[in-house]
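Here is a short briefing to read beside the structure. The points are grouped by topic.

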Protein chains: 2
Amino acid sequence: MGWMADEAGLEKTAANYVPLTPLSHLRRAAHVFGDIPAVIYGNHRKTYAAYYDRCTRLASALAGMGVKPGDVVSTLIPNLPAQAEAHFGVPACGAVLNTINTRLDTDTVAYIFEHGGAKVVLVDTEFLPLAEAAVAQMAGQPPLLIEVPDPQAGFEATGRHPAYEEVLDAAEHDFDWIMPQDEWESLALNYTSGTTGRPKGVVYHHRGAYLMTMGTVISWRMVMNPVYLAIVPLFHCNGWNHTWMMPVLGGTLVCCRNITPGAIYTAIGDHGVTHFGGAPIVLNLLVNAKEEERRAFDHTVEVFTAGAPPAPATLQKIETLGFHVTQVYGLTETYGHVTECLWKGDKWDGLDHQGRAAIKARQGVAFPMMDHITVMDDDMKQIARNGADQGEIVMRGNSVMKGYLKNPEATAEAFEGGYFHSGDIAVQHPDGYIQIADRAKDIIISGGENISSVEVEGVLMGHAAVNLAAVVAKPDDKWGEVPCAFVELKEGAEVSEAELIAFARETLAGFKAPKRVVFQELPKTSTGKIQKFELRETAKSL
Amino acid sequence: MGWMADEAGLEKTAANYVPLTPLSHLRRAAHVFGDIPAVIYGNHRKTYAAYYDRCTRLASALAGMGVKPGDVVSTLIPNLPAQAEAHFGVPACGAVLNTINTRLDTDTVAYIFEHGGAKVVLVDTEFLPLAEAAVAQMAGQPPLLIEVPDPQAGFEATGRHPAYEEVLDAAEHDFDWIMPQDEWESLALNYTSGTTGRPKGVVYHHRGAYLMTMGTVISWRMVMNPVYLAIVPLFHCNGWNHTWMMPVLGGTLVCCRNITPGAIYTAIGDHGVTHFGGAPIVLNLLVNAKEEERRAFDHTVEVFTAGAPPAPATLQKIETLGFHVTQVYGLTETYGHVTECLWKGDKWDGLDHQGRAAIKARQGVAFPMMDHITVMDDDMKQIARNGADQGEIVMRGNSVMKGYLKNPEATAEAFEGGYFHSGDIAVQHPDGYIQIADRAKDIIISGGENISSVEVEGVLMGHAAVNLAAVVAKPDDKWGEVPCAFVELKEGAEVSEAELIAFARETLAGFKAPKRVVFQELPKTSTGKIQKFELRETAKSL
């Protein structure tokens, strides 16, 4: 402990201690990069000066609506300018940003409104019916809705709620941002996909997001004025915090409403996109794009991919197209990526495509802002680094959540022994690189979205004809994985595959509903536990 | 203030809160970059694994000698491997690193030993007589000396004290680093050059140095595995914290004992140096290097320069040689550089050499890790940003010192009004860029008119025969003060006093042109900063 014998007068003061917050990046950028393009979406082009002004007015408007520091403001918006503005404007009035997945069902959205206690919700016109239905269904004080129309995409304002631009127009340009007085204050609230039961509300602090942005600059080899295409949804870990990072580099954020191969290539061709992140499915889109969708470009585009290792065939094809792919790994609880498969050029550049893909399949090593990420056994002992022994990925560092909102028990459990427990099972190679052996078995990752098999099973079991249901991942060319259900019917009962899928869709978001249903007796252990590994094998060959 | 209504269970824990410290960079690098070259000095070549091991053994050895957390360990070493190792090894045993300027006199070194309370001093053999004389002269408990010989440069161990390598050999490889439990703990103690009275001991904290390293990566456009040449002495603001930064990028630190043009070009040619920092005099060395000292290279070398604006003529020449120069500005009290003349390519790339030099003469805008740096008047009000009104540069942010050791009064004065007061007088341009008009004492007041010595020097440096120029006030019966120039000519060049005055008058108003020109070698500090106070003394007697 480096306390000197005499530290008189060496305490923290306003001059030498300023709480860390990503808000500081935009305040600086408004000054340093004032005339540089900050956000582009079609004909919406804003400089840093204008972006800062719009965020200031959003903060002012929210404060004017009675939003107080510590209150929650939710959003249901695709990756569009208003969603980016909410990342600064909401905390700039002291509030906590709760970005909600636009693909969720009404029931879950209503639960999130209730549990998070949203005071205001910014809603894209396309998702207004979802928000309204959730408000109608929820208990407790309903939030105020602000409609964010997108006329460029044909979503004109309905007029049923205050419209975003009018709200900004009426707000103050000189609203004083409410900066955190303690960097541990809450910045954002992100609900997990709820692998077991209800989703949990993950709370981020200002310090963690600030350090996440600084570490990502290093890991992603970013220099001044990158051009970033927002593909990772901002409602997933706040888009891995990339929107908060851009201003520190004077980077340009390019938005597009629908992620299609044509849209991505156009963004690269028209705006010179240098960086984007996305699930491996995005890489597949690019590799399989039609000739007329492609655009030539002569720079290297840096890509972070996460959710599953990129397939060797995809990697081989995409790297010759001018994309440099790095696998990263993390969870909602860790602000997004906290490990990276850091490429050691001098050792690995000479490998053939199979060899490169084998390395790139690893989740890798800790990001710079993390303290310790490793694989431990059940007794929290380091496993042997032999590429064979398995354990759980555990992590400690400043980009780990504060905890789960109103759930101290789950928080304490997640942090047992001084590490965050990822639930992911992995091996560790002799060079320390981590590689996931078997995804936490109950999770199906479809198009980058986590689906809880337990949740889907629960819904299927609710059907009158169903005795038992087990849901596993079935490999899928387009989505990576899709849910596949194995169902034992009750004696004498009858239901068709199509009927059961339709039944599931009544409750579940479309992407969570099983794409295949197989009727059979389920294989079980002697204790009656369903042997899912067998079903996974069967699903592969369906 | 973003505290949510219910924050139960959301407190800091070991899993989500780790004190910031640059030590973490080397711990991570030992794992992530284990086999990458970390430090090179002639035949001394160490990987990150070996560097980490040597720092660990240094920490172990110091602890074994009775150094306790919070104790001070000093060094009197040029920019050599042991000096770099001290940056990690000393704090790794919980101690505070006090790097001492090797050019100081015995009296001042004795004062620093006494005032800082050094328990151990690591001393390069060349400076052993200085350290021994200081120990003999000081009052109080004398420190233990460890001799660091440099046989490669002909400095063999004297045998009068324990030798560094033997001390390391006897130490433990598995010593557990003592990491800060609070990021506000003291990391380093740096004495100011003390232009008035005794030097003051500036105390750095772990948090500030960590954030300095993260911000510098951004400002210096650094990506993985840079090669850094240590020119800025590590005894000045710990070399602007660059040694602490290198491991986060897996960078290679290249050391050289004597900074000569040949040594710099050789390092670039042999090791592919990508970055270095230095005073403008270093740029002059490179521009004026003899043909046989030069080496060809085909990459751009990024250079941070500080201490004075680079002269237009120097800039013009050096940029065609493959160096990209950015002026930065800061003080010992701010861990080194905290502003940068951030180059806006789209606006400024088209300027001619004069125009580029005029921009590059600015000290610029705040680094990413600083909160607010601006120019204020005596009432601490923002001055007009018109490039004309003058005020004092003040700064607030996380890379500002804890304060002055055992000097709460000076600390309180420096931090008055919640900002650190630099004492530097500047204007601010409409785009917010700060430009030092002059240190208050560098302004020459002639017949009631302010003359900027920087401006006059810039003009003189444009003359083909001039290598370096320094302009100071000479007392004058009629005008109060008049500008007096001291000029170092290039090797073999000739110009008369009258010719140079006439040359200055071509550009400058008559009252700004020097009234006297003295040809001599200019007195410099160890960083290459010209010691104007000496010249002022000389000018008085002319």
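**Briefing: contacts, salt bridges and interface**

The side chain of N101(A) reaches the backbone nitrogen of R103(A) at 2.8 Å. This is a predicted model, in which local features need pLDDT of at least 70 and side-chain atom pairs count only at pLDDT 80 or more, while totals for chains, interfaces and linings use all residues. Residues are numbered from 1 along each chain as its sequence is written, chains are lettered from A and ligands numbered from 1 in the order in which they are written, and side-chain values use heavy atoms, with hydrogens and water left out.

- N101(A) sits in the loop between strand 4 (96-99) and helix 4 (106-116) of chain A. Helices (H or I, at least four residues) and strands (E, at least two) are DSSP runs, numbered from the N terminus.
- N101(A) is buried, at 10% relative accessibility. Buried means under 20% relative accessible area, exposed over 50%, and partly exposed in between (1.4 Å probe, protein chains only).
- Neighbours within four places in sequence aside, N101(A) is in contact with L76(A), F235(A), H236(A) and E449(A). Contact means heavy atoms within 4.5 Å.
- The C-alpha atoms of N101(A) and S24(A) are separated by 27 Å, and the two residues are 77 residues apart along the chain.

**Positive phi angles**

- Most residues other than glycine have a negative phi.
- N225(A), not a glycine, has a positive phi near 55 degrees. N225(A) lies in the loop between helix 7 (206-219) and strand 9 (227-229) of chain A. Its relative accessibility is 38%, so N225(A) counts as partly exposed.
- W240(A) also is not a glycine, and its phi is positive at about 60 degrees. W240(A) belongs to helix 8 (residues 237-240) of chain A. W240(A) is buried, with a relative accessible area of 10%.

**Salt bridges**

- Over all chains, the structure holds 52 salt bridges. A salt bridge is a side-chain nitrogen of Lys or Arg within 4 Å of a carboxyl oxygen of Asp or Glu.
- R257(A) pairs with E126(A) in a salt bridge, with the closest N and O atoms 2.7 Å apart. The pair links distant parts of the chain, 131 residues apart. R257(A) is in the loop between strand 10 (252-254) and helix 10 (261-271) of chain A, and E126(A) is in the loop between strand 5 (118-124) and helix 5 (128-137) of chain A.
- R257(A) counts as buried at 12% relative accessibility, whereas E126(A) is partly exposed at 37%.
- K360(A) and E319(A) meet through their side chains in a salt bridge (2.7 Å, N to O). K360(A) lies in helix 14 (residues 353-360) and E319(A) in helix 12 (residues 312-320) of chain A, so the pair ties together parts 41 residues apart in sequence. K360(A) is buried, at 5% relative accessibility.
- D124(A), E126(A), D150(A) and R257(A) are joined into one network by salt bridges that share partners.

**Helix 16 of chain A**

- Which residues are buried in helix 16 (residues 453-461) of chain A? They are S453(A), V456(A), E457(A), V459(A) and L460(A).
- Seen down the helix axis, these buried residues fall within an arc of 160 degrees, so they line one face of helix 16. The arc is that of the directions from the helix axis to the C-beta atoms.
- The buried residues of helix 16 pack against several elements of chain A, including strand 23 (466-476), strand 24 (480-489), helix 17 (497-507) and helix 18 (532-540).

**Interface of chain B and chain A**

- The contact takes 85 residues from chain B and 84 residues from chain A.
- About 6800 Å² is buried between the two chains, and carbon and sulfur atoms give 62% of this area. Buried area is the accessible area (1.4 Å probe) that two parts lose on being put together, summed over both.
- Ten salt bridges are found across the interface. One of the structure's salt bridges joins K402(B) and E7(A) (2.7 Å, N to O).
- R207(B) forms a salt bridge with E183(A), the closest N and O atoms being 2.9 Å apart. R207(B) lies in helix 7 (residues 206-219) of chain B and E183(A) in the loop between helix 6 (164-169) and strand 7 (186-191) of chain A, so the pair joins two chains. Both R207(B) and E183(A) are buried.

Methods: A polar contact is a pair of N or O atoms within 3.5 Å; within protein, one must be able to donate a hydrogen and the other to accept it, and residues adjacent in sequence count only if both atoms are side-chain atoms.
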